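Please read it with the structure on screen.

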Amino acid sequence: MADDVPMPVHLSKVLDGLAENPALPAGLVRRLVRYRGGFGHVATRADLTLDVIEEILASDHHWLLHSLALNPRLPNTARRRLTAHADPTIRAALAAGARDAPRDVYERLIEDPHTQVRTYLANRDDIPADLLARLAVDPDPQVRTTLARWWTQAPETTRRILLTDPVDEVRAAACSTYYARSPHPVPPPDLVTGLLADPVTRAGAVRHAILTPQLAAQLAGDPDHQVRRQLAEHPHLSPPVRDFLTDDPSANVRVGIFGRRDTPEPARHRIYGDIQQSERPLTDLLDSDLDDNALLQQVEDHMALAELRYLQLDWVTADPRPHLSSPFICFRRSAARNPALPADAIIRLLNDDDSGVRMTMATHAPHLVDPATAERIDREFRPEKRTTWRPADVLTFPPQTLRRLATDPDPRMRCLAPRDVDLPVDLAERLATDPESTVRRAVAEHPNLPVHVRRALLGDPDEWVAHATAAAPTLPVTEMDRLLTLAGI
């Protein structure tokens, strides 16, 4: 080992990567447990031996214990000990991480005096139902609200308790337009009238209401645009009320009408055009002198523009043929989700003007996408929100394509080259010195990197490149040992 090898710039991040390395030998795992920097990620490993777990428990080091509590493969004997730990954040981590624990562990956590512990339990779906039901009468409304939002398939007796809770926030979570888990619950029919009368549950109850002309007219005039949006999507909405909502002042409500199957095409086109023409940059809205309510409405109207692109219309997916050339992007995207599209329709949508349509079609029929089309779709993919996903994650590229991309002018495309497990050494080395850190990170785990190149990447100025290099199972054991020695462990 050379004595002049510099210390990695981000040693703590490198050791975090080493903690995640599945090839880290047992002896080095034990050494890493003695490290007191970082966040104790080594304690989340699946291969911890009983004696190492005992050493972690005895250390009483916060971050090691916190990570250990999050470990889903932790033995139940250790879990029982952690339920009595004095630090509530350790017990909360156990409540979040424990999987397939015995009943007595959950019973202890359900009775925990700290709200955060019980709140973490309330969003679980693998705890005995009778224990979860206890949380419906928990003294803290935060716990009850979490339970209402997450336990969508709770027994009727439990949902009744939550739907009639004295705290507005709990009732709103129990009868909502959005839940954290599907399928969405259906309230007992005898409660719907009361839920419609309650301002905090009204929007969530609309979809379950039997629409009489009187009720529909009342809801169409509700001051809450979310109530009117739910009405706009009601399957039994009468044409007169539908037409009335076509001119609703809220773009959010009009989007609901836009997506209906029975909306006349002239009205659909008018809604689309009106929302497009009213577009204002979000920065202009935030710099305006509008009061809070007006500003909120303007922001939601701005979001309606995005909805016009992303609406998933099941009725279009079920009958896609008439919509393959629709002027509305969301219609073409919805058509692309049909699993039985004929070849000519697939080809048309793979060549659509909109990147999102092309991407949707490619991901729903990846086996029909040739390499040239796959490359074009991925190259032109421009997500409208931050994401690490890309079409290449579901498309296949042959080795010759990946090797050509190693020298592509676009760093996004160069990032694909390391997916060739047989990438020549010279190309792997070239990518390891790429000016873009995203490219260096993509190649950091490649098996064909020489040792001296891996060592350089361990000292990379970008912490995530260094982390990925240390986490690679192809990292030589001698390098693992060197890193622990540099850290003084």
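The numbered points below go from the whole chain to single residues.

1. Ground rules. This is a predicted model, so local features need pLDDT of at least 70, side-chain atom pairs count only at pLDDT 80 or more, and totals for chains, interfaces and linings use all residues. Residues are numbered from 1 along each chain as its sequence is written, and side-chain values use heavy atoms, with hydrogens and water left out.

2. Overall make-up. The chain has 33 helices and 0 strands. Helices (H or I, at least four residues) and strands (E, at least two) are DSSP runs, numbered from the N terminus. The C-alpha trace spans about 85 × 60 × 50 Å along its principal axes. Of contacts between residues at least 6 apart in sequence, 50% join residues at least 24 apart. Contact here means heavy atoms within 4.5 Å.

3. Surface and burial. The chain has 489 residues, and 49% of them are buried. Buried means under 20% relative accessible area, exposed means over 50%, and partly exposed lies in between (1.4 Å probe, protein chains only). The accessible surface comes to about 23400 Å², with 55% of it belonging to carbon and sulfur atoms. These areas come from the Shrake-Rupley method with a 1.4 Å probe; for residues, only the protein chains shown count as cover.

4. Charge. There are 58 positive and 70 negative side chains. The centres of the two sets lie 3 Å apart. Lys and Arg count as positive, Asp and Glu as negative; His and the chain ends are not counted. Each charge is placed at NZ of Lys, CZ of Arg, CG of Asp or CD of Glu.

5. Nonpolar cores. In soluble globular proteins, nonpolar side chains tend to be buried together. A nonpolar core is a set of buried Ala, Val, Leu, Ile, Met, Phe, Trp, Tyr and Cys residues joined through side-chain atoms within 4.5 Å. The largest one holds 122 residues; Ile 56, Leu 231, Leu 245 and Phe 258 touch the most other members. A second, separate core has 16 residues, including Cys 415, Leu 431, Leu 449 and Leu 457. Back at Ile 56, the contacts beyond four places in sequence are Val 33, Ala 43, Leu 48, Leu 64, Leu 65 and Leu 68.

6. How many residues of helix H23 (residues 329-336) are buried? The count is 8 of its 8. Among them are Arg 332, Arg 333 and Ser 334. H6 is largely enclosed by the rest of the structure, because 7 of its 10 residues are buried. Those buried in H6 include Ile 90, Arg 91 and Leu 94. The buried residues of H6 pack against H4, helix H5 (76-82), H7 and helix H8 (115-122).

7. A buried arginine. Arg 228 is found in helix H16 (residues 225-232). Why does Arg 228 count as buried? Because its relative accessible area is 8%. A polar atom of the Arg 228 side chain lies 3.4 Å from the backbone oxygen of Pro 223. Beyond four places in sequence, Arg 228 is in contact with residues including Leu 219, Leu 245, Asp 248 and Val 253.

8. A polar pair. Thr 373 lies in helix H26 (residues 371-380). Thr 373 is buried, with a relative accessible area of 12%. The side chains of Thr 373 and Asp 370 make a polar contact (2.8 Å). A polar contact is a pair of N or O atoms within 3.5 Å; within protein, one must be able to donate a hydrogen and the other to accept it, and residues adjacent in sequence count only if both atoms are side-chain atoms.

9. Backbone exceptions. Most residues other than glycine have a negative phi, and most peptide bonds are trans. Asp 60 has a positive phi of about 55°. Asp 60 sits in the loop between helix H3 (50-59) and helix H4 (62-70), and is exposed at 51%. Asp 100 also has a positive value, with phi near 60°. Its loop runs between helix H6 (88-97) and helix H7 (103-110). Asp 100 is exposed, at 69% relative accessibility. The peptide bond from Ser 182 to Pro 183 is cis, with omega near -5°. Pro 183 is in the loop between helix H12 (168-174) and helix H13 (192-197).
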